[in-house]
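Q: Can we go through this model together? I'd like to start with the cavities.

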Amino acid sequence: MRSASRAARQNGQRLGFVPTMGALHEGHLSLVRAARASSDVVAASIFVNPTQFGPNEDLAKYPRSFEQDCQMLEREGVNFVFAPSVEEMYPAGAVTWVTVEELSSKLDGRSRPGHFRGVTTVVAKLFHIVEPDRAFFGQKDAAQVAVIRRMVRDLNLPVEIVVCPIVREPDGLAMSSRNAYLDPEQRKQALVLHRSLMRVQNIAEAGEQDAAKLNAAGRRTFAQENSVRLDYFEIVNPDTLDPVSDISEGALVAVAAYVGTTRLIDNLLLKPIPT
Ligand code: AMP
C-alpha cells in the first residue's frame, strides 16, 4: 500500500483516502465520490478494527461483505483497496496506543470506554501506511470527527481531514452498516432518532436558542417511542463535545440509542445564528 501511494505521489498525484469497516452503503460511497472529486488517486481501506469494539459489543457479528464491497469500490473508480488482516495491523506484542485525552471520554466515548482509543490508534496507523493528502470521514460519526481532527492537530499529521454530510434513507434513517441488524419492526422504531433531531431543528429554526429547552423537546419526542432505549441526547460544541447552554454560536445535537440490542447514532449540526 505504501509503495503504491508513494509511486502515485511521486507522479505528482494527490491521494485521497477513505477508511471504512466494510459492509459498504451509500454513506461510504459518498465519501468515495468526494475523494474522487478532489484527488487524482483514491484509496479505501476495509478493516473491521477489533480494538474499537468493547468486550460485549458486536465485533464477531459485524457484517462483512468483502467481495461485494470491492465491486462497489471498483465501480466508483477507487484505485486501491487496502484490506489488511488483524495480525498485520496488530502484530503480537503491539502495546502502543494513540489516545486523545478528554475528548475520547465524551458522547460515544463515555458509553463505549476504549472505543476512541481504538479508533485513533488504527486511523493513525492507516495514515502512516497510506500517507494520504486528504482523508474523508462522515459527519454521521460526529464525535469521531472531533477526536480525529484533534489527533491530526495535536500530532501535526500531514493530512487534511474532509468531513462529508450524513447520507440518509428516504425516510430519514441515517445509513449505517448496523441497520442490517434491524428487523422490520425495529426499522420503524429506529426512525425516532431522526424524528427527535428534526423536532430540535424545527424549534431552533423557530427561534429557540436555549439548549436545555431544545434538549427537553428532543427528549420528549424521543420518549414517545418507548421501545427504544436512549443512551444519550446532548447538545454540545462540535469541537470540544462539551455541552453548550445556548446554540447561538452553532451546536451539535447528538443522539445514541439502542433499538433492541443494536446501538444506533445520529446527529444534527445547527449553524451559528447570524447577529
Ligand atoms: P464505518 O465503516 O462505519 O467505520 O464508516 C466509515 C466511514 O463512513 C466513517 O467516516 C463514517 O462516518 C462514514 N459513514 C458511515 N455512515 C455514513 C452515512 N450515513 N453518511 C455519511 N458518512 C457515513
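Q: Which residues line the second largest cavity?
A: Leu107, Asp108, Lys140, Ala142, Ala143, Tyr232, Leu252, Ala254, Val255, Ile265, Asp266 and Asn267. The model is predicted: local features need pLDDT of at least 70, side-chain atom pairs count only at pLDDT 80 or more, and totals for chains, interfaces and linings use all residues. Residues are numbered from 1 along each chain as its sequence is written, and side-chain values use heavy atoms, without hydrogens and water.

Q: What counts as a cavity and its lining?
A: A cavity is a set of points on a 1 Å grid, over the protein atoms alone, where a 1.4 Å probe fits but cannot get out; lining residues have an atom within 4 Å of a point.

Q: What volume does the second largest cavity have?
A: About 40 Å³, taken as the space filled by probe spheres set on the points, with grid points joined across faces, edges and corners.

Q: And the largest cavity, what volume there?
A: About 60 Å³. Its lining includes Lys140, Leu193, His194, Ile265 and Asp266. Strand 8 gives the largest share, three residues.

Q: New topic. At what angle do helix 9 and helix 10 pack?
A: About 145°, with axes 8 Å apart. Axes are lines fitted to C-alpha atoms, for helices over the stretch in contact, and angles run from 0 to 180 degrees between N-to-C directions.

Q: Which residues make the contact?
A: Among them are Leu193, Arg195 and Ile203 of helix 9, and Leu214 and Phe222 of helix 10. Contact means heavy atoms within 4.5 Å.

Key:
Helix = DSSP H or I, 4+ residues; strand = E, 2+ residues; numbered from the N terminus. 1 Å grid on protein atoms, 1.4 Å probe; cavity = no way out; pocket = protein on both sides within 12 Å on 5 of 7 lines; lining within 4 Å.
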